[in-house]
Amino acid sequence: MTAFTYRFVPAMRYMKHLVDQGTIGQPYHFRNHRLQDWGQRGLGWRQVAKLAGSGEIGDMLSHRIDFAHLLLGPMSRLVAHTRIYHPVRSGQPSDLEDWAAIICDFTIGATGVMESSKIATGHNESMWSPDFVEVNGSDGSIRYDTQRPHEVFVAKKGDKAFSRIELPKEFLVVPGSPRDPKQGDPLFVFRYDQTWEFIDAIRNQRRCVPSFYEGALAQGVIDAALQSEREKRWVDVSGLQGALAR
């Protein structure tokens, strides 16, 4: 399993359902931002390139790359930019990016914009900081925030504003999970479903989702983004799926 935890947020699962069933028509744009405020305090292994490989791209933007794959499928090309604002954190060298952004094209023809930051002052951190995802299409748009795990916002063509939609009961828990959706803090208890998926896959000898395959797809995009930053150019990622299939 690759622990793309936020796939298990009920609102994300419902958002995918709405996109798949054509609620917004042909997808045009994907966008997200993950904004946290860690200031200049130490990040442990996350601030050391030889241990982490990358900074904000691998840490937080990796989950949003998976969102993009989940909702709109594979990307065809991308360009990225990163920035180190604090080369020293809590007295220790930090050689990894604090901020990152990716612009991409999807194979289906849509475009994407992703941004993630550890230094968005005033935005707190963890589940209390903004994690916003939106998809625009020919017939409408859908957006969601992990701070609102049991609702999404939808606007159809001609609407003057987004409307709040509470999730149908069947989307509050992953099918098969014994979790009671009425128990616990909704900001955290969806993680139980991730654990259930992992254990149930082992017990029943089935493919776990998200698997190493989904992880490898995201890592391929991360590697391409880092290459794009180094070489200051667009990078083709259209062959990722085929390469992994082999």
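**View 1. Helix H3 and its burial.** Helix H3 (residues 56–72) is largely enclosed by the rest of the structure, because 16 of its 17 residues are buried (under 20% relative accessible area, with exposed meaning over 50% and partly exposed in between; 1.4 Å probe, protein chains only). The model is predicted: local features need pLDDT of at least 70, side-chain atom pairs count only at pLDDT 80 or more, and totals for chains, interfaces and linings use all residues. Residues are numbered from 1 along each chain as its sequence is written, and side-chain values use heavy atoms, with hydrogens and water left out. Helices (H or I, at least four residues) and strands (E, at least two) are DSSP runs, numbered from the N terminus. From its first C-alpha to its last, H3 reaches 22 Å, close to the 24 Å expected at 1.5 Å a residue (1.5 Å times one less than the number of residues). A kink of about 50° is centred on serine 62, the bend being the angle between axes fitted to the seven residues ending there and the seven starting there. Glycine 73, with a positive phi near 90°, follows H3.

**View 2. Packing of H1 against H3.** The two helices pack at an angle of about 35°, and their axes are 9 Å apart (lines fitted to C-alpha atoms, for helices over the stretch in contact; angles run from 0 to 180 degrees between N-to-C directions). Met12, Met15, Lys16 and Val19 of H1 meet Phe67, Leu70, Leu71 and Leu72 of H3, contact meaning heavy atoms within 4.5 Å. H1 (residues 10–20) also lies across strands E7, E8, E9 and E10, at about 170° to E8.

**View 3. The open sheet and its edge at E11.** Nine strands form an open sheet with mixed pairing, in the order E10-E9-E8-E7-E1-E6-E5-E2-E11; two strands pair if DSSP finds at least two bridges between them. Strand E10 (163–166) and strand E11 (235–236) are the edge strands, each pairing on one side only. E2 (residues 75–83) and E11 run antiparallel and are joined by 2 bridges. Arginine 77 stands opposite aspartate 236 in E11.

**View 4. The loop between H4 and H5.** Proline 210 lies in this loop, between helix H4 (190–203) and helix H5 (212–231). The peptide bond from valine 209 to proline 210 is cis, with omega near 5°. Glutamine 205 lies in the loop between H4 and H5; its phi is near 50°, a positive value in a residue other than glycine. Glutamine 205 is exposed, with a relative accessible area of 70%.
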